[in-house]
Amino acid sequence: MLGFQLLQTLGAQGVDRLGDWNPQLLREWKGRLKRFPVLAAIGISLLVQGVLMLSSVSMLPGPVVSKDLVVSTYPQFRWDGIAALDSALQPEVTLPDGQTLTLTSSILVERLDQQSPIGGDLAAGEQALQQLQIGDRLIAINGEPVIFNTDDERQQLSFHVNQRITNQLSPISVDSGQGFRDSVELTLLRPDQELFMVSLPRITLTNHHNRYCLYGDSYQGCDVTPDGQFYQIDWRKWYGDGFWAITVAMVFSLMGIGVFLLGSNLAEEKRRGTLNFIRLSPRSAANILAGKLLGVPVCLYLAIALALPLHGFLGLGAGYSIGHGLGLYGAIASQTVVFYLAALLVSLCITHPMLLGLQPWLMAAGVTLFQWIVLVALELPWGLPHIDASGAWLWSVFFSPLVSLAYFAPLTDAAYYEKVVDNLALGLFRINFAEYTVLTVLHAMGWTYLLGQASVRRFRQATRPLLPRALSYGLTLGVMAVLLGLTETDANAYYLDEHLTAIVCLFLVYFTLLTLSLVCDRQTLQDWARFRHTRPKHIRMALWKDLLWGEESSPLLAIALNLLMATILFVGWFFWNYGDRMDTPEALQVFALIVAMAVGSLFFATLASQVVLLLPRKKNGFWFGATSSISAVAFPCLTALLVIAQAEFYPHITTLLGMESELGLFTLTVGLMAMVTTGLGFCHYRQLAISGRSELQHLLKGAS
């Protein structure tokens with residue numbers, strides 16, 4: 001009784017301290033650590049572990065049964081046939097019965113296999129094995145000359161020779177207890193020697209195959225225990241598969257269920273209106289969001305924790321060290337935090353009532369689908385810890401806990417495993433598992449900082465940009481350094497197109513997210529245009545500084561600077577590695593126009609979206625997204641249509657603007673894009689100027 005009261009007192013003190021440190025975490029735990037959710041988490045965890053282990057046990061080979069046995073000889077042979085007779089070999093031989101045989105082809109012993117027998121005269125087999133050598137020439141089987149008359153027999157020589165040998169053995173029934181008395185006599189010829197005969201005893205072999213069997217020198221069937229009753233099991237591989245299965249279950253639970261729980265919780269807080277009350281808390285936004293991360297999936301964390309003992313036991317049995325296990329847990333935990341913070345940020349950004357119900361399902365499905373896409377795109381070879389693909393797509397390795405398993409996968413050959421464990425491939429680089437863990441954790445820490453800062457800013461003020469502009473410039477340099485650094489520089493023309501496509505696609509995704517992180521809402525832009533001049537001089541920045549470093553001004557100049565830095569890095573990298581391909585003026589012109597079209601289309605889409613944003617429209621978000629998407633592809637599509645259209649004319653257009661027709665059409669479209677961009681820029685300037693007028697100026701302007 002006294003011990004129970006002591007535990008209760010210590011528990012109450014711990015809860016009080018937890019509440020003092022993070023009240024939001026205590027609130028989430030009190031709402032979720034109830035009898036039914038806790039028992040459900042425990043039951044589901046134990047049930048999944050039990051099902052996985054029963055499935056693994058059912059895949060083990062059972063005892064040796066008669067249907068798995070075949071009759072063979074000891075040893076077994078692999079033969080090598082020579083179509084034409086070698087001049088160095090004897091063309092004629094005289095058999096013991098006096099028959100002279102003219103040989104037209106050679107059948108040589110290529111390999112001797114020594115599969116462990118279930119039964120038979122093993123001593124006689126060992127004696128026969130000492131008489132045989134690689135390269136011995138087969139002449140006859142039980143006195144019958146071995147001559148092949150058909151092409152099929154010559155093509156499958158080893159199979160047909162062994163079939164003739166086993167046909168010389170009388171069939172037996174294993175269950176009948178019949179003795180192993182039969183044998184087969186092989187007549188062989190060795191260079192520079194006379195004919196000799198070898199008596200091969202009949203044995204019984206297992207023809208059973210199983211993933212977890214041990215195989216000897218021959219892969220014809222599983223090895224058996226000395227008593228011949230059971231198969232020998234590769235326990236390391238069995239433990240490794242169990243470890244892999246539980247890891248996959250843990251990862252998909254953390255990714256799918258965890259993201260769903262976080263999205264569902266924030267959607268419910270918004271529907272009930274309690275999220276605004278949480279914002280009024282004196283606690284910091286980071287403290288509140290940390291409470292959400294640690295508290296909302298607490299039952300999921302409990303279920304995962306219950307699986308860790310079995311998971312660790314299987315890992316040790318598979319050959320992992322404690323360092324391997326800790327490294328894998330660190331990689332999975334850090335990558336999971338990145339996705340959880342991304343789920344929090346997306347949930348905070350979504351405000352439309354219709355999307356709140358779909359929000360958790362879409363996020364969970366998206367994260368799960370991403371994991372499978374990464375596995376399929378990289379063609380991950382399970383069992384061998386290497387990834388040969390080298391390009392911008394390799395960046396996805398650091399976002400996928402499932403791919404991390406490739407750098408900790410056990411191999412069945414312990415000697416080979418010890419040899420390659422410090423030489424794992426990451427594209428063109430070679431790292432060990434500790435270096436991979438450090439890189440993954442550092443990468444996750446960088447994204448945790450970015451996503452955490454964006455979540456805190458959005459949590460405190462819904463209209464505030466997600467990222468400060470000063471941070472965006474360094475972020476752009478870092479992203480381009482990663483995309484270009486992971487891409488190999490000695491690719492041929494075919495793979496170069498793939499690498500450039502990957503760089504462009506990933507940068508397009510990054511630029512879209514960067515634009516959404518830097519843009520302001522309409523009211524913020526109007527307030528900035530109207531009240532910028534009223535600020536005190538000691539805190540008011542120059543206009544160009546405000547456009548580059550401020551957070552309430554138009555983001556166009558900051559976005560243009562980010563685009564310019566990325567373009568300079570890409571062009572410099574391309575000419576440094578592939579400048580020798582730009583050997584003609586036409587190639588340089590085409591490259592310059594393509595870069596100008598790509599960069600100009602992105603900037604034009606951003607400018608068009610800002611113009612639409614300042615228009616007095618309802619459903620501004622819809623028009624913002626639609627205008628951006630259409631504007632980004634408008635001029636590239638127009639160029640493609642013009643090229644297709646001019647190809648249909650006859651006679652063909654050969655020159656345009658003093659250049660080849662295709663190049664001229666490209667130049668014409670880029671010039672048109674520049675003109676329209678200039679016009680939209682003037683419209684945006686006029687919008688800001690009009691928004692900066694006071695109410696009195698608007699009234700006087702309307703009266704006049």
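Strand 1 (residues 69-73) pairs with strand 10 in the antiparallel sense over five bridges. Strands pair when DSSP finds at least two bridges between them. Within this pairing, V71 stands opposite T204 of strand 10. The model is predicted: local features need pLDDT of at least 70, side-chain atom pairs count only at pLDDT 80 or more, and totals for chains, interfaces and linings use all residues. Residues are numbered from 1 along each chain as its sequence is written, and side-chain values use heavy atoms, without hydrogens and water.

Strand 10 also pairs with strand 9 (residues 183-189), again antiparallel, over seven bridges. Here L188 stands opposite F196 in strand 10. Strand 10 spans residues 195-206, and nine of its 12 residues are buried, so the rest of the structure largely encloses it. Buried means under 20% relative accessible area, exposed over 50%, and partly exposed in between (1.4 Å probe, protein chains only). Helices (H or I, at least four residues) and strands (E, at least two) are DSSP runs, numbered from the N terminus.

Now turn to the helices. The axes of helix 20 (residues 556-578) and helix 21 (residues 585-613) come within 11 Å and cross at roughly 160°. The two helices are therefore roughly antiparallel, a label for angles over 145 degrees. Residues including L563, F570 and F574 in helix 20 meet residues including F591, L602 and F603 in helix 21. Contact means heavy atoms within 4.5 Å.

Last, the cysteines. The structure holds zero disulfides, pairs of cysteine sulfur atoms within 2.5 Å. C520 is buried at 5% relative accessibility. C349 is partly exposed, at 31%.

Key: Axes fitted to C-alpha atoms, helices over the stretch in contact; angles between N-to-C directions. Parallel < 35°, antiparallel > 145°, perpendicular 65-115°, else oblique.
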